[in-house]
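Please look over the sequence and the model below before reading on. The paragraphs after it are meant to be followed with the structure in view.

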Amino acid sequence: MQDGRAPRKNRAPAAVQITAEQLLREAQERQETAFRAPKQRVEDFEELHEYRGRKRKEFEERIRRTRGNLKEWQSYASWEASQGEYDRSRSVYERALDVDSRSVSLWLSYTEMELKGRNIQHARNLFDRAVTLLPRIDQLWYKYVYLEELLQNVAGARQVFERWMKWEPEDKAWQAYIKMEERYTELDRASAIYERWVAVRPEPRVWVKWAKFEEERMKLDKAREVFQMALEFFGDDSEQIEKAQAVFNAFAKMETRLKEYDRARVIYKFALDRLPRSKSTSLYAAYTKFEKQHGTRSTLESTVLGKRRIQYEEEISHDPNNYDVWFDYARLEEGAVRSLVEESASAEEVEEAVGRVREVYERAVANVPPGDAKRFWRRYIFLWLDYALFEEIDVKDYDRARQIYKTTLTVIPHKRFTFAKVWLMFARFEVRRLDLPAARKMLGTAIGMCPKEKLFKGYIELEVDLREFDRARQLYEKYIEFDPTNPSAWIQYAQLEDNLGDSARARAIFELATAQSPLSTPENLWKAYIDYEFNQGERERTRGLYERLVEMSGHVKVWMSYAQFEAAPIPAGGDEEEEEGEGEEERTVEGDLGLARQVFERAYKDLKSKGLKQERVILLEEWKKIEKQHGSAADMEKVEGMMPIVSKKRRKVDEAGDMEEEYWDMVFADDERESNPASFKFLEMAHKWKKLQVTGSSAASTLLAPPKTTEPPLSDKPSATTTTTEDNADKDDDSDMASSDGDE
């Protein structure tokens, strides 16, 4: 170690490399061989007696040390049996049984030794002692029975089984007894064993196995008798029938295999009628499969309906306020009613199906929403409406439908919210029943109790359909009194008068509406008024409306619409148009492009005075479109000359003036010419020079020529307000020139 540092490790590879394979080989070579006892060869009886005595002494010593270790006892007895000393081996086993007489492995080893020595009677005696001492050990019984059957002693095996059955063993033991009788074709004995087995364990699977056994040996009457005994045993209690579903299912399948379809259907229905729907899913599935294979259309549909009823009942039990499930459930039952009516079913069946529909609806509407928020009630209210429509359309029970509507209105908390659809549907129902006063009274009550826009519209629509225009006018007046700020009410009222041919009243309504100061969306009202006058062919009146609207708002869209109106053709008004035939085309009066230009100029000056650059660009774009459609090339160039130039400028960010930022600004020709004519001329010449550079022109005289005001400016940055489309070449040079001009 030098200077307090640890010595460096030598990481160079060793001269001799040792592989893993070499290490494993050396380990195997250096491993010591295991000790093997020398083989002894017995030459005479004296040596044999000496060997046996030594081995017995060793075994006795081991047993003395570990008396409870049964493996030592078994090893000792097996060695004695290998020496042919069966008496000594039996003595060892008996001594071992004195230590632990309940060891199954000891008994099995003892009997196996006797069987290997062909001592059959000794083995029988051992099995007899074993099953007497350990009657609950099935393995001993199986070995005992196997021994007797192997010796062809069927009677003895049967006696062993009889002794075993007295202890009421597991099902496998009964099945083993039955299979033995079947092997020797003792089928009546096997049937008797089944009967004893059922008496011990009356479970559905045991009954089913017995009946299947009788069916296989073609004792069909006996099989039916077995099933009937099973059904009598379980009785009519719903809990017992639920346990016996397997019996019903197997009974019906047996009848199906025998092509007794009516019997099978009766069995299925008998079980399903007595079982709750939620607990008979598997049985319903089997019944559905049966009907699909062997039933008619009506029986199949009824089966599918039953299966879906179970599904809906389960979903409703989890969440009774899930109205979507109630809707599906009600539609299911309504479909069943319609199917019965189409098939011309009996009146009792139809009435029963109608009762099921009513039951579903009554259960559904009983689940009132928990909260007072309207969003919780929307789905709930449609349950009532569907209920009423079902009674009216399908059942034709109008009194019940009317009562449903009334109950619905009593359930709704009208002080918090209401549903106009319920009031309107109730009124429409009364109209269909030709009770018009009741319908009007209902809607009047609704408007008085909880006025709502939809109620007014529905009531007015009803009166208009009935051609009661005076009543409609009164309703519109009440509608406007209720909400004078709603432009749609004024517009619809004016449209009604227009449809009735009373233009004076329509204009008066529009004038009253425009005089209302607080309006939610006044632009919709003005648009409707202007469209009305335009369609009437009243250009002067329309122009006057635009003048009023421009004076009120001055928005760029209003100016654009005004200019478009002046340039567009207008329908010809007056009585002459009405007298024309239907085959003639509609007459129009062409617009005045000069007036449109005047409107654009006024709009441009107005927006310029307000300092709205973006709006001015939008206006110029629209002006450009108009000139492109209707104007000349000179007018087009004039508008393009008014388009702004986009230039880069600098401005101070802080008050001290230490920091500046660059921004893009739109420079209009007239603004710059008025404020800074010299710099504007220089800037315009620079843009013209750049345009010549792009087009490849090298005429110096063109560069020095004075700029024309109609020349469109070139923009070096694309923008929503830039109207030029030339390529942006040499951007840095041009931006430098523009920025220097901005600095000036």
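This is a predicted model: local features need pLDDT of at least 70, side-chain atom pairs count only at pLDDT 80 or more; totals for chains, interfaces and linings use all residues.

Residues are numbered from 1 along each chain as its sequence is written, and side-chain values use heavy atoms, with hydrogens and water left out.

The protein chain holds 38 helices and four strands, where helices (H or I, at least four residues) and strands (E, at least two) are DSSP runs numbered from the N terminus. Of its 744 residues, 39% count as buried; buried means under 20% relative accessible area, exposed over 50%, and partly exposed in between, with a 1.4 Å probe and protein chains only. Among contacts (heavy atoms within 4.5 Å) between residues at least 6 apart in sequence, 50% join residues at least 24 apart.

The largest nonpolar core comprises 109 residues, and those with the most contacts inside it are Trp326, Tyr380, Ile381, Leu383 and Leu619; such a core is a set of buried Ala, Val, Leu, Ile, Met, Phe, Trp, Tyr and Cys residues joined through side-chain atoms within 4.5 Å. Helix H18 (residues 323–342) supplies the largest share of this core, 10 residues. Another core, of 75 residues, lies apart from it, and includes Phe127, Tyr177, Val208 and Phe234. Returning to Tyr380, and leaving aside its neighbours within four places in sequence, one finds it in contact with Tyr323, Ala364, Val365, Asn367, Val368, Pro369 and Val411.

Two helix pairs can be set side by side. The axes of helix H2 (residues 45–65) and helix H3 (residues 70–82) come within 9 Å and cross at roughly 165°, axes being lines fitted to C-alpha atoms, for helices over the stretch in contact, with angles from 0 to 180 degrees between N-to-C directions. That angle makes H2 roughly antiparallel to H3, a term for angles over 145 degrees. The crossing of H2 and H3 is left-handed, that is, the near helix is turned anticlockwise from the far one by less than a right angle. By class, this contact has six nonpolar, one polar and seven charged residues, where Ala, Val, Leu, Ile, Met, Phe, Trp, Tyr, Cys and Pro count as nonpolar, Asp, Glu, Lys and Arg as charged, and the others, Gly among them, as polar.

H22 and H23 also pack at an angle of about 165°, with their axes 7 Å apart, and H22 is therefore roughly antiparallel to H23. H22 passes H23 in a left-handed crossing. Trp423, Leu424, Phe426, Ala427, Glu430 and Val431 of H22 meet Leu436, Ala438, Ala439, Met442, Leu443, Thr445, Ala446 and Met449 of H23, and the residues of this contact divide into 12 nonpolar, one polar and one charged.

The loop between helix H22 (420–432) and helix H23 (436–449) contains Leu434, which has a positive phi of about 65° although it is not a glycine. Leu434 is exposed because its relative accessible area is 80%. Lys396, in the loop between helix H20 (374–394) and helix H21 (398–411), likewise has a positive phi, near 65°.

Terms used. Angles under 35 degrees count as roughly parallel, over 145 as roughly antiparallel, 65 to 115 as roughly perpendicular and the rest as oblique.
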